[in-house]
Amino acid sequence: MTYDFDELIDRRNTCAMAKNGFRNYLFGGQEPVELPCADDETISMWVADMAFASAPAARDAMVERIEGHPIFGYSALLDDELYNVFASWCDDHYGWRPHVDHFRTSAGVVPALSDFAELFVGPEDAVLTLTPAYGFFKHAADDHNRRLVSSALVEDELGRSSIDFDDFAAKISDPAVAMFFLCHPHNPTGRSWTDDELRQIGQLCIDNDVVIISDEIHCDLLRVGRTHTPLAKLFPDYDKLVTCMSASKTFNLAGLGLANIVIPNETMREQWDEHTFPVLNPVSLAGTIGAFRDGEAWRQALLEYLDDNFAFLATTLAERLPDAVFAIPDATYLAWVNLSAYFPDELNLTRYFAEACGVMLEGGDMFVADGDGHVRLNIACPRSVLVEALDRIIEATERFEGN
Ligand SMILES: Cc1ncc(COP(=O)(O)O)c(C=O)c1O
């Protein structure tokens, strides 16, 4: 079967944040944004869902559920079907099998992050993460007045980020740090941490008795030929290590509100069970099961398409914006591009590109700290859209005063 990732899909009138949600999300509480084109002519490269049709395996399973059974009542994880397909997926893809007793679901990784900050971090304690970071790591801490401590990644001249382990070791040994949010693979830099890096991270957390939340939501979106190592695979005996995964990024089911959470520690699981409402959406459940069971061929085709988009992006930047610093990421469909040769650090790049060329992207200041001068581009779109978006971005960069 072939899949058409070149198809242009009109997302108007679907309440898609990517299409119609940018005013609130990107510019809420600020001066109204003044676009050079109609809203419908903007190009969305911001929120992390894909402009491709969701995996047919998931859609077919949802249709079957809707047509096959007319009731969508309160539903919960009352059998092992989801666990079984998820555990097999993990086994086949990462050689790691979560234990059935440790398996839970959540209405998303984002709500789970917030719950973890509340449950596993005391009011006087802090959460550590690597920056730049996914904004909801900070929101999760802020939601419960927990302090967020950051350890800045170091970017080399080729655009590849790495961990400053001296700084990380110093930060994690602060007795107030009770939890570490790991993003693996990392949003926004796209790094898939090597086993060696993961071993160092994990050991430092263990030595300092820090709970690890390993957000591995991007784990199925590695460049072709790469494989993902769950942190938990390397530390089977450390049970204060929660793993978060989801079919939502992999199969473009974001918004269906279902994530897989693995909590090996019994006390933490009890806290979680007491605190959370175990209802799940029956249609999402069917879609997730269908995706893990039958979605692999689609995912392989997707990965090839994404690799080609990244190759095109890298070539285009090298030719037309030679001072942009960009390395094709190990994983994700997000490009983290350093444009600091072209723009002052204090410029709000989200607003600049929206107003200069109608491309909605996320500027580096949206990633907690240490992202200035960068933009994050979601390149999970048809090639023709990427071509047009890059033309607009490059021309807008060239037009900026002094360039
Ligand atoms: C690192 C990371 N975690 C979580 C999410 C969102 O998770 P969910 O949609 O399951 O709430 C995203 C989405 O971009 C993400 O990048």
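**Exercise 1. Where does Arg12 lie, and is Arg12 buried or exposed?**

Solution. Start with the position: Arg12 sits in the segment before helix H1 (17–20). Helices (H or I, at least four residues) and strands (E, at least two) are DSSP runs, numbered from the N terminus. Residues are numbered from 1 along each chain as its sequence is written. This is a predicted model, in which local features need pLDDT of at least 70, side-chain atom pairs count only at pLDDT 80 or more, and totals for chains, interfaces and linings use all residues.

Next, count neighbours. Arg12 has 10 C-beta neighbours inside 10 Å, so Arg12 counts as exposed. The cut-offs are these: a residue is buried if 20 or more other C-beta atoms lie within 10 Å of its own, exposed if 12 or fewer, and partly exposed in between, with C-beta atoms placed from the backbone.

Then look for partners. Leaving aside neighbours within four places in sequence, Arg12 is in contact with Lys19 and Asp40; contact means that the C-beta atoms, placed from the backbone, lie within 7 Å. From C-alpha to C-alpha, Arg12 and Asp40 are 7.9 Å apart in space, and they are 28 residues apart in sequence.

**Exercise 2. What is the strand order of the open sheet of seven strands, and which strands stand at the edges?**

Solution. Reading across, the order is E3-E11-E10-E9-E8-E4-E5, with mixed pairing. Strand E3 (103–106) and strand E5 (147–152) stand at the edges; each has a single partner strand, so one side of each is left without a neighbour in the sheet.

Finish inside the sheet. Strand E10 (residues 241–245) pairs with strand E11 (residues 259–262) in the antiparallel sense over three bridges. Within that pair, Cys244 has Ile261 in E11 as its bridge partner.

Key: Two residues are in contact if their C-beta atoms, placed from the backbone, lie within 7 Å. Two strands pair if DSSP finds at least two bridges between them.
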